[in-house]
Amino acid sequence: MIRVLLADDQSLVRAGFRALLDAQPDIEVAGEAADGADAVEGVRTLRPDVVLMDIRMPRLDGLEATRRITDDPDLGEVRVVMLTTFELDEYVFEAIRAGASGFLVKDTEPEELLRAVRAVVHGDALLSPGVTRRLIEEFAARSKAPGVTAALGVLTEREREVMALVGIGLSNVEIARRLVVSPLTAKTHVSRAMVKLGARDRAQLVVLAYESGLVRPGWLG
(Lines give C-alpha, C1' and ligand atoms only; values in the text may rest on other atoms or scores of the structure.)
Protein backbone atom coordinates (compact mmCIF):
# COMPACT_ATOMS: atom_id res chain seq x y z
CA MET A 1 0.00 0.00 0.00
CA ILE A 2 1.38 3.41 -1.01
CA ARG A 3 0.85 5.98 1.75
CA VAL A 4 0.51 9.63 0.71
CA LEU A 5 0.61 12.87 2.70
CA LEU A 6 -1.21 15.86 1.19
CA ALA A 7 0.30 19.30 1.88
CA ASP A 8 -1.73 22.22 0.54
CA ASP A 9 -3.22 25.27 2.21
CA GLN A 10 -6.45 24.93 0.20
CA SER A 11 -8.81 22.47 1.88
CA LEU A 12 -10.78 21.93 -1.32
CA VAL A 13 -7.64 20.87 -3.17
CA ARG A 14 -6.77 18.42 -0.40
CA ALA A 15 -10.31 17.05 -0.40
CA GLY A 16 -10.22 16.48 -4.14
CA PHE A 17 -6.89 14.65 -4.03
CA ARG A 18 -8.00 12.60 -1.03
CA ALA A 19 -11.17 11.44 -2.78
CA LEU A 20 -9.19 10.36 -5.83
CA LEU A 21 -6.35 8.65 -3.96
CA ASP A 22 -8.47 6.87 -1.35
CA ALA A 23 -10.56 5.32 -4.14
CA GLN A 24 -7.50 3.36 -5.33
CA PRO A 25 -6.92 -0.16 -3.99
CA ASP A 26 -3.15 0.35 -3.63
CA ILE A 27 -3.05 3.95 -2.31
CA GLU A 28 -4.21 5.57 0.92
CA VAL A 29 -3.97 9.11 2.29
CA ALA A 30 -1.95 8.90 5.50
CA GLY A 31 -2.53 12.51 6.52
CA GLU A 32 -2.94 16.16 5.52
CA ALA A 33 -1.11 19.39 6.24
CA ALA A 34 -2.16 22.99 5.62
CA ASP A 35 1.36 24.48 5.61
CA GLY A 36 4.97 23.45 5.19
CA ALA A 37 5.78 23.22 8.89
CA ASP A 38 2.90 20.82 9.49
CA ALA A 39 3.98 18.85 6.43
CA VAL A 40 7.49 18.30 7.82
CA GLU A 41 6.06 17.29 11.19
CA GLY A 42 3.53 15.02 9.50
CA VAL A 43 6.23 13.27 7.48
CA ARG A 44 8.29 12.64 10.63
CA THR A 45 5.26 11.26 12.45
CA LEU A 46 3.39 9.37 9.74
CA ARG A 47 6.31 8.28 7.51
CA PRO A 48 4.41 8.37 4.19
CA ASP A 49 5.92 7.03 0.97
CA VAL A 50 4.99 10.13 -1.05
CA VAL A 51 4.26 13.77 -0.21
CA LEU A 52 2.21 15.86 -2.64
CA MET A 53 3.55 19.29 -1.71
CA ASP A 54 2.19 22.65 -2.78
CA ILE A 55 4.98 25.17 -3.34
CA ARG A 56 3.24 28.23 -1.97
CA MET A 57 2.00 27.77 1.59
CA PRO A 58 1.93 29.95 4.72
CA ARG A 59 4.35 29.69 7.66
CA LEU A 60 6.81 27.52 5.74
CA ASP A 61 6.68 27.20 1.95
CA GLY A 62 6.85 23.90 0.12
CA LEU A 63 10.39 24.54 -1.07
CA GLU A 64 11.88 24.83 2.40
CA ALA A 65 9.69 21.99 3.67
CA THR A 66 11.02 19.77 0.86
CA ARG A 67 14.59 20.72 1.69
CA ARG A 68 14.10 19.80 5.36
CA ILE A 69 12.56 16.45 4.44
CA THR A 70 15.16 15.45 1.85
CA ASP A 71 18.05 16.62 4.07
CA ASP A 72 16.93 14.32 6.89
CA PRO A 73 18.71 10.93 6.59
CA ASP A 74 15.90 9.29 8.56
CA LEU A 75 13.45 10.27 5.81
CA GLY A 76 15.49 8.97 2.91
CA GLU A 77 12.68 6.76 1.60
CA VAL A 78 10.13 9.59 1.38
CA ARG A 79 9.54 11.02 -2.11
CA VAL A 80 8.27 14.56 -2.59
CA VAL A 81 6.26 15.66 -5.62
CA MET A 82 5.75 19.40 -5.94
CA LEU A 83 2.37 20.78 -6.95
CA THR A 84 2.41 23.95 -8.99
CA THR A 85 -0.12 26.21 -10.65
CA PHE A 86 1.98 26.68 -13.76
CA GLU A 87 3.98 24.00 -15.54
CA LEU A 88 7.22 25.92 -15.57
CA ASP A 89 6.91 27.73 -12.30
CA GLU A 90 10.24 29.35 -11.50
CA TYR A 91 10.35 27.55 -8.16
CA VAL A 92 10.24 24.15 -9.82
CA PHE A 93 13.96 24.31 -10.58
CA GLU A 94 14.87 25.06 -7.00
CA ALA A 95 12.50 22.32 -5.88
CA ILE A 96 14.28 19.72 -7.99
CA ARG A 97 17.60 20.93 -6.64
CA ALA A 98 16.19 20.74 -3.11
CA GLY A 99 15.42 17.07 -3.61
CA ALA A 100 11.90 16.88 -5.04
CA SER A 101 11.35 13.88 -7.29
CA GLY A 102 9.32 15.85 -9.81
CA PHE A 103 6.37 18.13 -10.18
CA LEU A 104 2.76 18.19 -11.30
CA VAL A 105 0.45 21.01 -12.22
CA LYS A 106 -2.62 21.13 -10.01
CA ASP A 107 -5.05 20.62 -12.88
CA THR A 108 -3.28 17.49 -14.09
CA GLU A 109 -5.51 14.62 -15.24
CA PRO A 110 -6.44 12.16 -12.46
CA GLU A 111 -4.81 9.20 -14.18
CA GLU A 112 -1.58 11.19 -14.57
CA LEU A 113 -1.56 12.01 -10.86
CA LEU A 114 -2.03 8.35 -9.97
CA ARG A 115 0.68 7.29 -12.39
CA ALA A 116 3.01 9.85 -10.86
CA VAL A 117 2.42 8.67 -7.30
CA ARG A 118 3.13 5.07 -8.30
CA ALA A 119 6.17 6.03 -10.39
CA VAL A 120 8.07 8.03 -7.78
CA VAL A 121 7.77 5.26 -5.23
CA HIS A 122 9.92 3.14 -7.55
CA GLY A 123 12.36 5.98 -8.32
CA ASP A 124 11.18 6.20 -11.92
CA ALA A 125 11.03 9.40 -13.96
CA LEU A 126 7.92 11.33 -13.07
CA LEU A 127 7.82 13.54 -16.11
CA SER A 128 7.17 12.73 -19.72
CA PRO A 129 10.31 12.97 -21.89
CA GLY A 130 9.08 16.15 -23.57
CA VAL A 131 8.45 17.92 -20.29
CA THR A 132 11.69 16.58 -18.89
CA ARG A 133 13.67 18.08 -21.76
CA ARG A 134 12.07 21.49 -21.25
CA LEU A 135 12.79 21.27 -17.55
CA ILE A 136 16.40 20.30 -18.20
CA GLU A 137 16.88 23.14 -20.66
CA GLU A 138 15.66 25.59 -18.05
CA PHE A 139 17.66 23.91 -15.32
CA ALA A 140 20.83 24.00 -17.41
CA ALA A 141 20.35 27.68 -18.15
CA ARG A 142 19.91 28.48 -14.47
CA SER A 143 22.44 26.08 -12.97
CA LYS A 144 25.65 27.19 -11.35
CA ALA A 145 29.03 26.61 -12.92
CA PRO A 146 30.00 22.92 -12.93
CA GLY A 147 31.72 21.74 -9.77
CA VAL A 148 34.30 19.08 -9.15
CA THR A 149 33.97 15.97 -11.28
CA ALA A 150 35.94 13.75 -8.90
CA ALA A 151 32.70 12.43 -7.41
CA LEU A 152 32.03 10.67 -10.69
CA GLY A 153 35.16 8.59 -10.22
CA VAL A 154 33.09 5.87 -8.58
CA LEU A 155 31.29 5.26 -11.88
CA THR A 156 32.40 2.99 -14.68
CA GLU A 157 32.89 4.53 -18.09
CA ARG A 158 29.60 3.00 -19.24
CA GLU A 159 27.71 4.30 -16.18
CA ARG A 160 29.06 7.78 -16.84
CA GLU A 161 27.93 7.54 -20.45
CA VAL A 162 24.45 6.45 -19.35
CA MET A 163 24.28 9.23 -16.75
CA ALA A 164 25.05 11.79 -19.45
CA LEU A 165 22.19 10.45 -21.54
CA VAL A 166 19.84 10.65 -18.55
CA GLY A 167 21.05 14.21 -18.15
CA ILE A 168 19.85 15.17 -21.61
CA GLY A 169 16.43 13.69 -20.90
CA LEU A 170 16.53 10.28 -22.57
CA SER A 171 14.33 7.47 -21.26
CA ASN A 172 15.72 3.99 -20.60
CA VAL A 173 14.35 2.81 -23.94
CA GLU A 174 15.99 5.72 -25.78
CA ILE A 175 19.29 5.08 -23.96
CA ALA A 176 19.10 1.41 -24.92
CA ARG A 177 18.62 2.32 -28.59
CA ARG A 178 21.49 4.80 -28.48
CA LEU A 179 23.91 2.31 -26.91
CA VAL A 180 22.54 -0.77 -28.69
CA VAL A 181 21.76 -2.61 -25.46
CA SER A 182 18.52 -3.91 -23.95
CA PRO A 183 16.26 -1.55 -21.95
CA LEU A 184 16.87 -3.75 -18.91
CA THR A 185 20.62 -3.26 -19.24
CA ALA A 186 20.14 0.49 -19.58
CA LYS A 187 17.93 0.51 -16.49
CA THR A 188 20.56 -1.46 -14.56
CA HIS A 189 23.27 1.07 -15.43
CA VAL A 190 20.99 3.94 -14.37
CA SER A 191 20.18 2.21 -11.07
CA ARG A 192 23.84 1.51 -10.32
CA ALA A 193 24.81 5.11 -11.03
CA MET A 194 22.06 6.30 -8.69
CA VAL A 195 23.20 3.98 -5.89
CA LYS A 196 26.88 4.88 -6.25
CA LEU A 197 26.18 8.62 -6.23
CA GLY A 198 23.49 8.50 -3.56
CA ALA A 199 20.89 9.99 -5.91
CA ARG A 200 17.37 9.66 -4.59
CA ASP A 201 15.89 9.27 -8.03
CA ARG A 202 16.31 10.07 -11.71
CA ALA A 203 15.65 13.77 -11.23
CA GLN A 204 18.58 13.98 -8.83
CA LEU A 205 20.77 12.15 -11.33
CA VAL A 206 19.98 14.89 -13.84
CA VAL A 207 20.95 17.56 -11.32
CA LEU A 208 24.23 15.78 -10.58
CA ALA A 209 24.96 15.40 -14.28
CA TYR A 210 24.85 19.16 -14.71
CA GLU A 211 26.46 20.15 -11.44
CA SER A 212 29.40 17.80 -12.04
CA GLY A 213 29.95 19.17 -15.52
CA LEU A 214 29.24 15.79 -17.15
CA VAL A 215 26.52 17.48 -19.20
CA ARG A 216 26.64 21.11 -20.17
CA PRO A 217 24.01 23.54 -21.44
CA GLY A 218 23.69 23.35 -25.19
CA TRP A 219 23.97 19.57 -25.39
CA LEU A 220 20.26 19.26 -26.04
CA GLY A 221 19.82 18.74 -29.69
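Mentor: In α9 (183–197), the buried residues, meaning those under 20% relative accessible area with a 1.4 Å probe and protein chains only, are Ala-186, His-189, Val-190, Ala-193 and Met-194. Because they cover an arc of only 135° around the axis, they fall on the same side of α9, the arc being that of the directions from the helix axis to the C-beta atoms. The face turned away from this buried side carries Leu-184 and Val-195, which are exposed, that is, over 50%, with partly exposed in between.

This is a predicted model, in which local features need pLDDT of at least 70, side-chain atom pairs count only at pLDDT 80 or more, and totals for chains, interfaces and linings use all residues. Residues are numbered from 1 along each chain as its sequence is written, and side-chain values use heavy atoms, with hydrogens and water left out.

Helices here are DSSP runs of H or I with at least four residues, numbered from the N terminus. With 15 residues, α9 reaches 21 Å from its first C-alpha to its last, close to the 21 Å expected at 1.5 Å a residue, a span taken as 1.5 Å times one less than the number of residues. After α9 comes Gly-198, with a positive phi near 70°.

The buried residues of α9 pack against α7, α8 and α10, contact meaning heavy atoms within 4.5 Å. In the largest nonpolar core, which has 23 residues, Met-163, Val-166, Ile-175, Val-190 and Leu-205 touch the most other members; such a core is a set of buried Ala, Val, Leu, Ile, Met, Phe, Trp, Tyr and Cys residues joined through side-chain atoms within 4.5 Å. The elements giving two or more residues to this core are α7, α8, α9 and α10, and α7 supplies the largest share, five residues.
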